[in-house]
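Hello,

Here is the structure I promised to hand over. Have a look at it first, and then read on for what I found in it.

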Amino acid sequence: MVDFTRRQVLSKSVAAALGASVIGVASGDEVEESDTAGAPSVNGELKRFSTTAFGAEVTGPFVFRDGSLLYSLQHPEAANPDPFGTAGIGYFSGFQFELDGDNDDFDELSTPQTEAEQRRVRSGNGDYTIFAHGRDEINDGEERLGVTQTPDGTDITLDNFEGTQYGAAATNPDCNQFVPTNEDGTEGYLFTNWENSPGNVSRIPLSQTQGGEWEADLENATNLANTEPLRELGGTRINCYGDLSPWGTMISSEENYAHPRVSLTNQVGDIVDAGTGKGRIGGGQFWNRPNPTGIQSAVDDYYGDESWGIQGYWALDGVEFLAYYLGAEQSDQTDYLNTTEPITDVYPNPYRYGYHVDFREPTADPPQPIKYYVMGRASWEAPNIQADERTVYGCSDGDSKGIYKFVADEPIPSYEDPMDVAGTLYAPKITNAQANASMVGTRKSPAQYPLDIEWIPLGHASNAEIEEWIAEYDDVTQADYLETHAEMDWEEDLEAALEEADRAVVENGNQNYIMNEEIVEWADQYYSEGPDSVDEELRRVPFLETRAAAKEIGASIEFNKAEGVDSKDGAGPGDPVYFGISEFNDDLANDTGDIQMDRVDGGIVYRGELEDDYNISTLEPVIVGPDFTDEPEDADDALRNVDNVYVMDDGRVLCCEDGFGGPARSYPNDGLYVYEPPESEEDEEETEGGDEGTETPGNSTEAPDNTETPGNSTGTPDNSTETPGNGTDAPGNNTDAPDNRTDSPGNSTGAPGNSTSENGNSTEASGNGNSTST
């Protein structure tokens, strides 16, 4: 007779109660890369509009009312010729989309094959014109664009502070949203995210000339991070993508990669059952450790051959800089490295980061930011707020993460005080047998089968309630990490106290924050009483530890790099919502969980249809990227590793890439593609159906015998290895992570025009977002 543990019984019972497959254990090998049926393919038409400069991602697209297009030039390589060697924001002068739903309004762009083509931003129509660069002087010379400051006005850069910083300051512009201030939409404010830690959102006055050109008023621009309302909220970190709300405000999403308290497929209950977090604990548990990013190398030293990769540890870069942003005195630092001298006065509360931030009254000076705690805490890439102003879909980026839904009790703008916003948070459960090889006996291609979703309620609360729960952890510092978890007096022997504390946290979790036992108890009560009947003190669990809670009750927290979600403005029942999954591998293509399908390293764009209540119950693949084993003739013109998706008013979708060339392609640049959906079901039938129905977009150029390997690999393509799922979009600057660590930072930056791959982690002086301080 099988002796089930309490955790196994709970997991199986919850899954059975939900009518879905049993969740897997925390193990399972990813299937090998192969020629997946239907990869690449397009249900509709895909056409390349632009390729960005070498080293950069395509991020932050925005289309103005007249059809003008802009996007951010994020962390380009400094060796690119001016103006493409410095991060910035630009638009395509002389071009406007006609917004008639047809891709005939622009010319297809060829692939970049020469070094000159690869080192600049190219487009088939219009000229990319940069109107603002990171670190430009703004606000009458008091600030530099994208650069956060301490309360006394000191720029938080590696020039002024030693330690780790998540991306060099002002090198990672991302989301752009324009809030017009006149009826014609020719004047207003451009809000831009800066994907760093401390995070930032800038506001630039922008206007269009009579000749159709866009001009920035940098003298009156400001960094909202340096205003008191945002600093009072604790600031932000890793502001990635976002959305323009139906009520006309900028929504900025915090991509807090450091939130995982358990790694990959593990559950908190696994740690409680085993009596140890060895092999399971995630980076979030080391938030207030002195020199938090150093935990990986410390664990490697402590446990030797039994060491493991700690998911998200590298994204702890910049947490101590965030403390200085809040006013902490600078701790002892030396030689561009953090020491382990603890910060004891002011330290950021982890539960204040990882939310969607709404800048209410966007034209006010300054605007008032509101964090929507009710929508859950995650590594948010983006939200998509529906026209009912109640339903919100969100994508959490990284490995073994989720897509989530929130439904407010009332339309969000109807609350006089946004802290009164209340509603229910949901996690996904994938239910169709075709998605699960253990149920149907064979592994299906994700290009040929949809994902059916049921939404599991996690809990109900108001913004004000959650803020009260968060505030309970405001006074925790790095000294508490040492004093709570070590008997050794750290002031007498800091090294010994730190090792004792680290080992205690590995074994029993961080006792300064929500404890493992609280999460397990919440799950037990959830199962026996339902989400609305758990003890009052446990109601905080799904809002502050969203991923851990969802995993504990059997939700399908298996998505790898869910990087985009959007629908057109005013979308209603029957209209599509698009979800971008940058890589369909790792936990989506192993032998555990609810999704066990074939692997497509190039990623997938899904389409869901809004139902009468704005629910989405099915995701169907409409764009499938290439296998990394594909040849350039198949991969050069296919969408690879989608990042942002932006739905224009005419229903077409801008698809941004975050793959940096890589296997299968003959060139290293990311591009911006325009997806035109089929006009009718007949058109869909013509483009569906696996390999025979594959639409291969673009006009490919003859590909030379070279490829670029992304991620952290080095060397020539013939002997380099690719480890998908390593979070290659992450601009963190820690370089001691082995290449096989999940979610490890760094992008390879092979030299343009040839196959040599170099270290992509340049120093801050280079202007590349992948800065290091070693």
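Before anything else, please keep in mind that this is a predicted model.

**The backbone**

Let me begin with some loops. P366 sits in the loop that runs between β19 (356-360) and β20 (368-371), and the peptide bond joining D365 to P366 is cis, with omega at about 0°. There is another cis bond from D82 to P83, where omega is near 5°. That proline, P83, belongs to the loop between β4 (69-74) and β5 (88-93).

N139, which is not a glycine, has a positive phi near 55°. You will find N139 in the loop between β8 (137-138) and β9 (143-144). I238 also has a positive phi, of about 55°, without being a glycine, and its place is the loop between α3 (228-232) and β15 (239-244). These are worth a mention because most residues other than glycine have a negative phi, and most peptide bonds are trans.

Are these two residues buried or exposed? N139 has a relative accessible area of 27%, so it counts as partly exposed. For I238 the relative accessible area is 0%, which means that I238 is buried.

**The nonpolar cores**

The largest nonpolar core has 180 residues, and the members that touch the most others in it are F97, W522 and F579. Another core, of 15 residues, lies apart from the largest one; V605, I623, C655 and Y667 are among its members. As background, nonpolar side chains in soluble globular proteins tend to be buried together.

**Aromatic rings and charges**

How many aromatic pairs does the structure hold? The count is 34. One of them is formed by F161 and Y324, which are stacked with 5.3 Å from centre to centre and 15° between the planes. F161 is in the loop between β9 and β10 (173-180), while Y324 is in helix α6 (residues 319-326), so this pair ties together parts that lie 163 residues apart in sequence. Both partners are buried: F161 has a relative accessible area of 7%, and Y324 has one of 2%.

Y351 and Y473 make an edge-to-face pair, with their centres 5.0 Å apart and 70° between the planes. This pair also links distant parts of the chain, 122 residues apart: Y351 is in the loop between β18 (337-338) and β19, and Y473 is in the loop between α8 (463-471) and α9 (478-485). Y351 is buried at 2% relative accessibility. Y473, at 10%, counts as buried too, because the cut-off is under 20%.

There is also a cluster, in which ring pairs link F49, Y71, F92, F95, F97, F106 and Y128. You have met F97 already, as one of the residues that touch the most other members of the largest core.

Two arginines are placed over tyrosine rings. The charged end of R203 sits over the ring of Y189, 4.3 Å from the ring centre. Likewise, the charged end of R503 sits over the ring of Y303, at 5.1 Å from its centre.

**Two crossing helices**

R503 and Y303 turn up again where α5 meets α10. The axes of α5 (residues 295-303) and α10 (residues 494-508) come within 11 Å and cross at roughly 90°, so α5 is roughly perpendicular to α10. From α5, the residues involved are I295, A298, Y302 and Y303, and they meet L498, E499, D502, R503, V506 and E507 of α10.

**A buried proline in a strand**

P621 has a relative accessibility of 14%, so it counts as buried. Beyond its neighbours within four places in sequence, P621 is in contact with P446, A447, Y449, P450, I604, V605 and Y606. V605 in that list is one of the members of the core of 15 residues. From P621 to G608 the C-alpha atoms are 9.1 Å apart in space, and the two residues are 13 apart in sequence.

Conventions: Residues numbered from 1 in each chain as written. Predicted model: local features only at pLDDT ≥ 70, side-chain atom pairs only at ≥ 80, totals over all residues. Heavy atoms only, no water. Core = buried A, V, L, I, M, F, W, Y, C linked by side-chain atoms within 4.5 Å. Buried < 20%, exposed > 50% of the residue type's maximum accessible area, 1.4 Å probe, protein only. Helix = DSSP H or I, 4+ residues; strand = E, 2+ residues; numbered from the N terminus. Phe/Tyr/Trp six-rings, centres within 6.5 Å; stacked < 30°, edge-to-face > 60°. Lys NZ or Arg CZ within 6 Å of the ring centre and 35° of its normal. Axes fitted to C-alpha atoms, helices over the stretch in contact; angles between N-to-C directions. Parallel < 35°, antiparallel > 145°, perpendicular 65-115°, else oblique. Contact = heavy atoms within 4.5 Å.
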